Amino acid sequence: MLTFIGKRLFQSLFVLFGLSLLIFFIARVMPGDPARAALGFLATEEQVESMREEMHLNDPFHVQYYFWLRNLVRGDLGRSSYTHRPVTTDLIQYIPATFELILFATLISAIVGQVTGVLAGYFRNSWFDGLSRLVSYLGIATPSFVVAIFLLFIFSQVLKLAPGVGRLPIMMTPPRTITGFMIVDSLLAGQPDLALTALKHLILPAISLAVIHIAQEGRITRTSIVENMQKDYITIHKVHGIRTSRIMFKYLLKPSIIPTVTVMGLDFAFLMSNAFLVEIVYMWPGFSRYAVTAMLNKDLNAIVAVVLVIGLTFALVNLLVDIIIMGLDPTVRLRRGGG
Amino acid sequence: MKIKGVWCLIFAIVAMSLVSLLAIGAAENVAVINGYPVITADPATASDWYDTETMYNLYSPLVYPAPEGGVRPHLAAIWDVVDGDFTHWRFTLRQGVKFHSGNELTAEDVAFSMTRFIGMGRGNSGPLGQVTTTVVDRYTVDFFLDKPSVIFPDTLALFFPVEKDLVLANIKTPGNYGEFGDYGEDWLTTHDAGTGPYMMTSHIPGQRLDATRFVDYFQGWSNEGWEPDEVPIERLIFIMETDYTTLMTLLKSGDLDLEINGGWTLPQLQQIKDDANLGLASVWAQNVTVWMNSKAPPTADEHFRKAILYAFDYEGIVGPWEEFGNGETGIFLPNMPGYVPIDPQPRVQNLERARQELALSKYANNLGDVKVVFHFCGGLDFEEDIGLQLQADMAQLGVTVEVAGPPWPQYSAECSSPESTPNMTIFLFGPQATPTQDYYTYSMFAPNGLGWIFEAHWYFEDPEIIELLDATRAEPDTVKRLALYEQVQPLIAEHALAFYPYQKPTLFAHQAYIVGPSETIVFIGPSENMHMWRINLTLKETLR
């Protein structure tokens, strides 16, 4: 198992190196002048030129990449030309907010999606199956930001059952940042009421993000359940009179959720870069929104950093998914030498 | 029993939600203000108008834009030119001005701040050129310029002195500025060293800035001119939201007190106007400017450019915006001293005249082959509307206009040279540099102007215009200078380098209990200085 993890991490390094090279190049050929963007409107041509020198923009591509790589090895991702702060400071500030949000969204989609999928599969062609199909299609067809606006309007504005925007009410002072996760930090600060408020603020944006994934994962789980129910070993168990619940939990569920777990992993990483519209609607100060701002402002160092973070998330989450699948499926475990 | 438990749980959740909502609704002396993302809170790197808005709250400029134009004393009590060629200026400071630390502002602080401003070479320092300083005494400082400038005092409305000792105590080494390390830039991101009416208490760049009232602010907090219930705002929370649907939600729910960037759509403005609990304040307007590239065919032809001026349907584009103040403008905004109306007058579509101009152009016989490229900043609907209006108008003359909205980085980069600039580009220019007349003339039409998007017409061939523009910067007498501005505008307009669909007032939406500004200063920053705003807590309590 450890060899497998080590090997995968080593492979990931190459992937990240290639990714950095690619995005470094793309960011530099994108239209726009990063020096001008950094200095603002009233900067003179001389000032812009001097900033270009400072940012090594007049150097050949490989020289620019060398400087960037040299600093990266020292743990320095450069300065953001937009926020005027080290990019690492920005990432430390923004990543936990998005992680908290998508972890919660993933949790919701995993529970709701799989329960719906299992029930729909087990009660195939029932009214529940039909209803879940209809709702799933609706969920897949509706963009997250539309769901976000709809939920915000109904539950926050009309019914006033949920708070509006942000991670906490505007007037409330956030707890001291330790992990960056608002709920955890509130609890660490001994403020459970604040943690509860933060949790309430998390519900609507997390559901907005989760809806499409609930639908997808629900459909995949359903298909998998239906497929596995028709397999011989399930029929044999039934013939032998094994209890339905035992068949369900011991023999059917495990192999049926493997495809869903794979998709969940991809969904998690996908949300890192695609949560920005929901983050905008809910004024969520997250990484995804930061990434889009970086792109729009041609913030070179930030662009490369956010792409690397997304790449790293994909690599790590996929590794985690593989480990989970190895746990669920003994054949994979044996094939990969996981004993 | 179980069902009873579920109902109890639901009741508890609803009750908790209501309690928390009521707690938020209590009338506190605080104003939640939306400003676009404050990029930097350091006066030496602050560059665009969002930063300027923050600067006017946390810091004080050396001189202050005046309602009648020009500048008036602020941190500096008096100033004068020392020599005859306008390269040596002496400023005497007001005594007793306190920094937020409690220390007194002195000439040492001003000299250090100017050296830092110029040395860092960023933010709004460009128009000042190279400036060196000498401290004459505790309250007097001399500035030496590298080139004569009669408008030097005016340009100091964007110079915000910092407390020297405080900044020096917080520099990080090594940095980009030799012995001064990072010149305190990192520290000034999340702290302030100013004399402004509000003191920063926390700042998360791009997200939120909190500030509290500085009781010892040198301008004082007099209640003169205010109603008895209108008291100074004790606490400011600047939030940074760019999505106006979200802002509308916040405004309606009472979570937002004031919005100072005015990016509202027409339906949103109508909603705000119809809501008795909300108000709209209009202070400064932006000039919607459509540059015509004089170096790219077919707009290289002056008659062709004039045809565009006459073909455009000005009344059609203003339409429903008129009730919100959109209307006639020119090279200057109409409320600026020195404004001169420019062609076409009256501002109505004149297709006959447009045809005559086209007939005089070198494209008269092949109009069907001509294509005009009109670019706007992607995402700005009102700019696109102007492009589409022009497209429809020019189609009546047989000319094709291609309208496209590339994203800002690409759009702005296109304007870096005449070759890459499309035929037509559209920008919004708000009064953000003093003297504003100079900003709208010299900076936009002189060969040594601001260039880039400010001069995307690329026309610098008329010696008479250049001579007059140079003369505006050499004329110390304000009245005579205004006369020069009046003289140069028709000359510029004669070349049809731009057309001005309308002026667009920036409308600050606010809760009815937020009152201000107490003074109308047509310049970005002073109107957003919260010293000029008050809160009516009685009304707030009633409305909540």
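Which residues touch the most other members of the largest nonpolar core? In this predicted model, they are A:Leu101, A:Leu209, A:Val306 and B:Ala31, in a core of 214 residues. The element that gives the most to this core is helix α9 of chain A (residues 192-229), with 14 residues. Apart from residues up to four places away in sequence, B:Ala31 touches B:Ile233, B:Leu236, B:Asp257, B:Leu258, B:Ile514, B:Met530 and B:Ile535.

Chain A contains 16 helices and zero strands. Along the principal axes, its C-alpha atoms fill a box of roughly 85 × 55 × 40 Å. Of its 339 residues, 40% count as buried. Among the contacts in chain A with a separation of 6 or more, 71% are between residues 24 or more positions apart.

A:Thr88 lies in helix α5 of chain A, which covers residues 87-122. This residue counts as partly exposed because it has 16 C-beta neighbours inside 10 Å, a count between the limit of 12 or fewer for exposed residues and that of 20 or more for buried ones. A:Ala35 is 53 residues from A:Thr88 along the chain, and the C-alpha atoms of the two are separated by 20 Å.

In chain B, three strands form an open sheet with antiparallel pairing, in the order β10-β20-β19. The edges are taken by β10 (230-232) and β19 (514-515) of chain B; each has a single partner strand, so one side of each is left without a neighbour in the sheet. Strands of a sheet pair through backbone hydrogen bonds, in either a parallel or an antiparallel manner. Strand β20 of chain B (residues 534-536) runs antiparallel to β19(B), and two bridges join them. In one of the pairings, B:Val515 has B:Arg534 of β20(B) as its bridge partner. Two of the residues touched by B:Ala31, B:Ile514 and B:Ile535, fall within the residue ranges of β19 and β20 of chain B.

Elsewhere in chain B, B:Arg473 is placed in helix α16 (residues 463-474). B:Arg473 has 20 C-beta neighbours inside 10 Å and therefore counts as buried, the cut-off being 20 or more. When residues up to four places away in sequence are not counted, B:Arg473 touches B:Ser149, B:Val150, B:Ile151 and B:Tyr442. The C-alpha atoms of B:Arg473 and B:Phe214 are separated by 38 Å, and these two residues are 259 residues apart along the chain.

How values were computed: Residues are numbered from 1 along each chain as its sequence is written. Chains are lettered from A and ligands numbered from 1 in the order in which they are written. This is a predicted model: local features need pLDDT of at least 70, side-chain atom pairs count only at pLDDT 80 or more; totals for chains, interfaces and linings use all residues. Helices (H or I, at least four residues) and strands (E, at least two) are DSSP runs, numbered from the N terminus. A nonpolar core is a set of buried Ala, Val, Leu, Ile, Met, Phe, Trp, Tyr and Cys residues joined through C-beta atoms within 7 Å. Two residues are in contact if their C-beta atoms, placed from the backbone, lie within 7 Å. Two strands pair if DSSP finds at least two bridges between them.
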